Amino acid sequence: MEERPHSLLLGMILAGYIIGARHGVLYIRGEYPESIRAQRAAIAEIRQAGYIGDNILGSGFSFDFKIIEAQGAYICGEETALLSSIEGQRPEVRVRPPYPTQQGLFNQPTVVNNVETLASVPFVLQHGGAAYAAIGRGRSTGTKLVCLDGHFNQPGLYEVDMGTPLATVVHQLGGGFRHPVKAMHIGGPLGGLVPVHKIDALTVDFESFAQNGFLLGHASVVCIPESYPLIQYIEHLFEFTAHESCGKCFPCRIGSTRGAEMLHKAQTSDYRIDRTLFDDLVETLEIGSLCALGGGLPLPVKNALMYFEGELKPYFT
Ligand code: SF4
C-alpha cells in the first residue's frame, strides 16, 4: 500500500468493472498513516489522469474511491464486522448467510478482498492467468508477502514465490536470528506456533502449513525467544482475544477471559490448571465460536501444548 499504491487501486477498479460497482472503499487502520497518505496521493494522481470519475475515458464506466480511516480494532479485519464499522455501527460479526456478496454494505452486494489479492490483479491482467498460476506450488499460486520481526538479523517485508522453503526465508532473507529463538508465531495472532525444529519441514504455502498442523495466514513472523516463558505467551493470546472480542458469541467472550484467568493464576499461585477442563475450554472455543477470532485461538494454544509440553507441564494437573 505504501510502495506500490497504484497496484491496489487498479485491482479495485478492475474488480469494480467486472462486478458493476461504482464505488471502492479502502478501509485502512488509522495506525498506518503512511498507507493512508500514499493511497490518497495515488488516488489524486489517477484522478488527474482521468482514470477515475464519471464515464472514465468515455467508456460509460464510472468508478470512485473512498478511504475510511479506521480506529484500530482487530475484529474489523473480519469482513462482516468491517462492513458494520463502515456503516457506523458497532463492529460486531454478522451471522452468515447472507454473505457479503449477497447482502453486504448497506445491504447491497459487496465484494470484500484483502490488499494482497487485489494488488495481484494487474499482473494477472497484464501477463495472463497462466503466467500467475505458474508461480507457486500446488493450489498456492502466485507470491506471498512475508513480514519478519526484530528478532531476525534482517527484519522487514519480503515478497517470495509460494512454495519457497521456510528455511530460505529464515536464514537467507532474514539472515537468521539475532538471539536464540524457540518458536515462531506465523500468520497473525491466531496463526500457528511453529517450533524452530520444524523450519526445514515447511514451505511457504497454504498446503504445507495445513498438512503440518499450522496456518500460513498473512505469513507475518513473530519470534518467541528461548528466554520467554511459553505460559506467559499463551496467557497473552487469551488476553488479546478477550480484549479484541466483539462480544457477540459466548465461547469467545467468556472463554477467552476464563482462559486468561486460569493461566494467570497458575503463574502467580499454587493453583494448577485442570487439563481436562482446559481442553474442554479450547474445544468449545474451536467449535462454538462464530468467527475466526475465538475459533482461531485454539491453534497456537494446541501447538504450544504439543511441542512445549515439558515447559508447560508444571502449570497443569
Ligand atoms: S468469536 Fe469472538 S469476535 Fe468472533 S463473533 Fe464470537 S465474540 Fe465476536
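**View 1. The lining of the second largest cavity.** V146, L166, V169, I186, V204, F209, L216, A219 and V221 line this predicted model's second largest cavity, a cavity being a set of points on a 1 Å grid over the protein atoms alone where a 1.4 Å probe fits but cannot get out, with lining residues having an atom within 4 Å of a point. Its volume is about 40 Å³; here a volume is the space filled by probe spheres set on the points, which are joined across faces, edges and corners. The lining has nine nonpolar, no polar and no charged residues, where Ala, Val, Leu, Ile, Met, Phe, Trp, Tyr, Cys and Pro count as nonpolar, Asp, Glu, Lys and Arg as charged, and the others, Gly among them, as polar.

**View 2. The largest cavity.** Two cavities of 30 Å³ or more are counted, and the largest holds about 80 Å³ of space. Among the residues that line the largest cavity are C246, C249, C252 and C291, together with K248 and L290. By class, this lining splits into eight nonpolar, three polar and one charged.

**View 3. A nonpolar surface patch.** Take a look at Y17, I18, I19 and V111, which form a nonpolar patch with about 450 Å² of accessible area together. Such a patch joins nonpolar side chains (Val, Leu, Ile, Met, Phe, Trp, Tyr) within 5 Å, from residues with over 30% relative accessible area and no salt bridge, a salt bridge being a side-chain nitrogen of Lys or Arg within 4 Å of a carboxyl oxygen of Asp or Glu. Areas come from the Shrake-Rupley method with a 1.4 Å probe, and for residues only the protein chains shown count as cover. I19 belongs to helix α1, residues 5-19.

**View 4. K302 in helix α12.** K302 sits in helix α12, residues 298-307. With a relative accessible area of 37%, K302 is partly exposed, that is, between buried (under 20%) and exposed (over 50%).

**Notes.** Residues are numbered from 1 along each chain as its sequence is written. Local features need pLDDT of at least 70 and side-chain atom pairs count only at pLDDT 80 or more, while totals for chains, interfaces and linings use all residues, and side-chain values use heavy atoms, leaving out hydrogens and water.

Definitions and conventions
Patch = residues over 30% accessible without salt bridge, like charges linked within 9 Å, V, L, I, M, F, W, Y side chains within 5 Å. Helix = DSSP H or I, 4+ residues; strand = E, 2+ residues; numbered from the N terminus. Buried < 20%, exposed > 50% of the residue type's maximum accessible area, 1.4 Å probe, protein only. 1 Å grid on protein atoms, 1.4 Å probe; cavity = no way out; pocket = protein on both sides within 12 Å on 5 of 7 lines; lining within 4 Å.
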